[in-house]
Amino acid sequence: MNVTDFEMIAQLLKTRSGLALSKDKAYLIESRLNPVARKWNFAGFDELAQAIRAGKDEALLVDVTEAMTTNESFFFRDQKPFDQFNELVLPHMLEHRAAKKTIRIWSAACSSGQEPYTLAMLLKENASKLAGWKVEIVATDLSQEILDKAKEGLYSQFEVQRGLPINLLVKYFKQTGDRWQIDAEIRKMVKFQQFNLLTNPSALGRFDVVFCRNVLIYFDPPTKTEVLGKLADLLADDGFLYLGGAETVLGMSDRFQLMPGQRGIYRLMSEDKAKATG
Ligand SMILES: C[S@@+](CC[C@H](N)C(=O)[O-])C[C@H]1O[C@@H](n2cnc3c(N)ncnc32)[C@H](O)[C@@H]1O
């Protein structure tokens, strides 16, 4: 691939998804876009690059953008965030939302669904404490294709072996052929919706808990700052923000602070809370 094509495609990805690709990752473009070239019956990468440059076919640009995203995910990813959810976040919400009996959770880059379904299973496990409560899990992703997979809730043996405790596999999944489908009851607890983190999230409403894990790593610093600002705008003033293990707000946003003694969970800075409460 020549430098001009690299720059043209990198710019497209940056604008459409926030993905920041440095030149040393140029090889990724070819390896991930060759299947797109085949799907669209282009003679090769150069022809694909020409069609991207022409920019006439929206469906092609969507395919290119989606092919470049990393959808890696697994149940109970990193375990600790979900222990913290059980031990800290849920008890906080049970106490502080006792009057409204409503909790809203956002899985902001949910990929194939393992993250929101992990939360749904945890909530189901706590069903007795949540009797009479309305708990909403909104799960969004840029990619419609990955959301379609998430909605189906069908996972390979490999996917259910990564992180999912065997008792929860037995309790909440049914084997269909060589795959496992999560029960309709759990699927119903999650509302999937296409959403690009680069756009305005205000229509999604306010959230008590936001999981935005393992997506900011792909963005450049100004984009991280912008997205963190949007998350701050819609987080309840006593809400919780989860980032991935390799992500931080440090140097990116002064609107969040790390929760003392807890890795990966952030709360709004007090100035932000003051603004929110007027
Ligand atoms: C590595 S997965 C993370 C999945 C899950 N949060 C986890 O931690 O396991 C990253 C996801 O971010 C999505 N993504 C990338 N750019 C996005 C954007 N601008 N808006 C929304 N989702 C985006 C990708 O489609 C992909 O499914």
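A residue is called buried here if 20 or more other C-beta atoms lie within 10 Å of its own, exposed if 12 or fewer do, and partly exposed in between, with C-beta atoms placed from the backbone. Helices (H or I, at least four residues) and strands (E, at least two) are DSSP runs, numbered from the N terminus.

Colleagues, the model before us is predicted: local features need pLDDT of at least 70, side-chain atom pairs count only at pLDDT 80 or more, and totals for chains, interfaces and linings use all residues. Residues are numbered from 1 along each chain as its sequence is written.

Let me begin with strand β7. It spans residues 207-212 and is mostly covered, with six of its six residues buried. Two strands are said to pair if DSSP finds at least two bridges between them. By that criterion, β7 pairs in the parallel sense with strand β1 (residues 102-107) over three bridges, and also in the parallel sense with strand β8 (residues 235-243) over five bridges. From β7 the chain crosses through helix α11 (residues 221-234) to β8 in a right-handed β-α-β crossover. Right-handed is meant as follows: with the strands pointing away from the viewer, the path from the first strand over the helix to the second runs clockwise.

In the loop between β7 and α11 we find Asn214. Although Asn214 is not a glycine, its phi is positive, at about 60°. Why is Asn214 counted as buried? Because Asn214 has 20 C-beta neighbours inside 10 Å.

Gln79 sits in the loop between α4 (58-67) and α5. Gln79 counts as exposed, because it has 12 C-beta neighbours inside 10 Å.

Helix α5 itself covers residues 80-96 and includes Gln84. Gln84 counts as partly exposed, because 18 C-beta neighbours lie inside 10 Å. Which residues does Gln84 touch, leaving aside those up to four places away in sequence? They are Val89, Gln262 and Ile265, where contact requires the two C-beta atoms, placed from the backbone, to lie within 7 Å. Gln84 and Gly264 are 180 residues apart in sequence, yet 9.7 Å apart in space, C-alpha to C-alpha.

I turn to the antiparallel part. Strand β4 (residues 173-176) and strand β5 (residues 179-182) run antiparallel and are joined by four bridges. Gln175 has Trp180 of β5 as its bridge partner. The two strands form a hairpin with two residues between them, and Gly177 in the turn has a positive phi of about 65°.

Next, the domains. The assignment for the protein chain gives domain 1 (3-67) and domain 2 (80-277); such bounds come from an automatic or database domain assignment. Their C-alpha centres lie 30 Å apart. The contact takes five residues from domain 1 and nine residues from domain 2. For the classes, Ala, Val, Leu, Ile, Met, Phe, Trp, Tyr, Cys and Pro count as nonpolar, Asp, Glu, Lys and Arg as charged, and the others, Gly among them, as polar. The side of domain 1 that touches domain 2 has two nonpolar, two polar and one charged residues.

Finally, the ligand. Of the 23 residues around the ligand, Ser73, Ala109, Ser111, Leu142 and Leu197 come nearest; a residue is near if its C-beta atom, placed from the backbone, lies within 6 Å. This shell divides into seven nonpolar, 11 polar and five charged residues.
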